[in-house]
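Visitor: I have a model open and I'd like to learn how to read it. Please take me through it one feature at a time.

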Amino acid sequence: MAGKPKLHYFDGRGKMESIRWLLAAAGVEFEEEFLETREQYEKLLQDGSLLFQQVSMVEIDGMKMVQTRAVLSYIAAKYNLYGKDLKERALIDMYVGGTDDLMGFILIFPFLSAEDKEKQRAFIVEKATSRYFPEYEKVLKDHGQDFLVGKNFSWADVHLLEAILMVEEKKSDVLTGFPQLQAFKARISSIPTIKKFLQPGSQRKPVPDDKYVETVRRVLCVYDGMKAN
Amino acid sequence: MSGKPKLHYFNGRGRMESIRWLLAAAGVEFEECFLETKDDLTKLQKDGSLMFQQVPMVEIDGMKMVQSRAIANYIATKYNLYGKDLKERALIDMYVEAIIDLNELLIIHIFQPADKKEQHLATIVDKATNRYFPVYEKVLKDHGQGFLVGNQFSRADVQLLETLLMAEECKPDILAKFPLLQSFKARISNIPTIKKFLQPGSQRKPPLQEKDVPKVMKIFH
């Protein structure tokens, strides 16, 4: 059934944030239903809405889609953000895989103890500056184009911008030494749909705080013993 | 450049095994270059072959592909194992992503410290039998077809079979309560390309043994 996509998740970033970014980049309006209580989660479980008993879940085009990567691939393909052929898709998939791994280190951050947070922050910055950013810097330098893949705005660009901003929240000058990425960041941020998403009042979620952590733990009854990478 | 795909990994399952399964299912012959020592990995890293300095890496169609999902997506699309349209792809992706989650648990099991192994196994069995297998059992029951998606053989079938077999290696009777998964297993195993891959002498890898764990750890750490 047509209508706006509806996102079911906590009122916070987590695994849903990349989906918010991609929908926003595609200029697609969406609704959100926030999980606040265990009862809400149990209701979703009982009425069979969560295929593998997990959130994120997105109601879109008559489906109740789960599994973040599946949802992102669907949105990217539907809104022409997945390259023009198989080879471009392969590149996009590789680049998104890298930014996904990098953002994965940041995903667990809020759930760590204060001491482990410092370790993890160092780990994130180290991986970003030695493994991931150099690769994207090189890609942009080598082809000299505005977008990562094939001269067109794609999922890879959105995902990289999201990752850059998240790492900058951990170390504000992390892009020093990456001039291509600095220009990329400015360029992609000024794309109208992205620019709108970056403004206050959008559906972009802030850096996770203690309230978010407490909500996730309460609703899912998990993540009490997380350790740093 | 054309020629057979060439897989770079250690001589074991890990994250490359799903790719071996997929190529085999598609009837595609492939070569393998095994990392035996840390130096082998360092060499690949230094010559710029590994985009994020990690394996798996597959040389295919002139590309040096990394990221197991990217590689699997490419192979599945190229060999028509990815459904006929966007909606079928969405279903395949949902099923496959969950299988990947379960696979992760299976892959890391051998690396668990001795005092955590038993609990980890219990977690695997719990998730397999309470979270994942019931979903696929229901999918097969609801549509009554031979394949998971679109009445056609796809990567979802290949990857589910791979995982069912690995789960049985952990607990031989793990499919006891899932009659449709049992017949699915028999049916997909009989597909000629799969049947060939399941025979001794194929490029399918055995489970990692305890004694080989230190060698693998040395390559990557």
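Predicted model: local features only at pLDDT ≥ 70, side-chain atom pairs only at ≥ 80, totals over all residues.

Visitor: How many helices and strands does chain B have, and what pattern do they follow along the sequence?

Guide: Chain B has nine helices and four strands. Going along the sequence, the pattern is β-α-β-α-β-β-α-α-α-α-α-α-α.

Visitor: And what overall dimensions does chain B have?

Guide: Along the principal axes, the C-alpha atoms of chain B fill a box of roughly 50 × 45 × 30 Å. As for burial, 50% of the 221 residues in chain B are buried, where buried means under 20% relative accessible area.

Visitor: Now helices. How do I read one?

Guide: An α-helix has 3.6 residues a turn, so residues three or four places apart point the same way. Then check the span. Helix α4 of chain B, residues 86–109, has 24 residues and reaches 35 Å from its first C-alpha to its last, close to the 34 Å expected at 1.5 Å a residue.

Visitor: Is α4(B) mostly covered or mostly open?

Guide: Mostly covered, with 17 of its 24 residues buried. Look at its start too: a side-chain oxygen of B:Asp85 comes to within 3.2 Å of the backbone nitrogen of B:Lys87.

Visitor: Which span should α6 of chain A have?

Guide: At 1.5 Å a residue, the 16 residues of α6(A), 155–170, should span 22 Å, and the end C-alpha atoms are 23 Å apart, so the two agree. α6(A) is largely enclosed by the rest of the structure, because 15 of its 16 residues are buried.

Visitor: On to the backbone. Where are the cis peptide bonds you'd point out?

Guide: One runs from A:Val55 to A:Ser56, with omega near 20°. Another runs from B:Val55 to B:Pro56, with omega near 10°. A:Ser56 sits in the loop between α2 (38–46) and β3 (57–60) of chain A, and B:Pro56 in the loop between α2 (38–46) and β3 (57–60) of chain B.

Visitor: What about phi at A:Asp61 and B:Gln67?

Guide: Phi of A:Asp61 is near 50°, a positive value in a residue other than glycine. A:Asp61 lies in the loop between β3 and β4 (63–66) of chain A. B:Gln67 also has a positive phi without being glycine, near 70°, and belongs to the loop between β4 and α3 of chain B.

Visitor: Which of the classes, buried or partly exposed, does each fall into?

Guide: A:Asp61 counts as partly exposed, at 21% relative accessibility. B:Gln67 counts as buried, at 14%.

Visitor: Last topic, empty space. What's the idea?

Guide: Rolling a probe the size of a water molecule over the atoms shows where empty space is left. A search of the whole structure finds two cavities of 30 Å³ or more.

Visitor: What lines the largest cavity?

Guide: The largest cavity holds about 80 Å³ of space and is lined by 14 residues, with A:Ser73, B:Arg69, B:Asn73, B:Asp93 and B:Glu97 nearest its centre. α4(B) gives the largest share of that lining, four residues. By type, the lining has six nonpolar, two polar and six charged residues.

Visitor: And the second largest cavity, which residues line it?

Guide: About 30 Å³ of space lies there, and the lining includes B:Asn80, B:Glu88, B:Ile92 and B:Phe153. Three of the lining residues are nonpolar, four polar and one charged.

Visitor: How much space lies in the second largest pocket, and what lines it?

Guide: The second largest pocket has about 330 Å³ and 19 lining residues, with A:Tyr95, A:Glu135, A:Lys138, A:Val139 and B:Met51 nearest its centre. α5(A) brings the largest share of the lining, five residues. Overall, the lining of this pocket splits into nine nonpolar, six polar and four charged.

Technical notes. Residues numbered from 1 in each chain as written. Chains lettered and ligands numbered in written order. Heavy atoms only, no water. Helix = DSSP H or I, 4+ residues; strand = E, 2+ residues; numbered from the N terminus. Expected span 1.5 Å × (residues − 1). Buried < 20%, exposed > 50% of the residue type's maximum accessible area, 1.4 Å probe, protein only. Polar contact = N/O pair within 3.5 Å; in protein donor to acceptor, adjacent residues only side chain to side chain. 1 Å grid on protein atoms, 1.4 Å probe; cavity = no way out; pocket = protein on both sides within 12 Å on 5 of 7 lines; lining within 4 Å. Points joined across faces, edges and corners; volume = space filled by probe spheres on them. Nonpolar A, V, L, I, M, F, W, Y, C, P; charged D, E, K, R; others polar.
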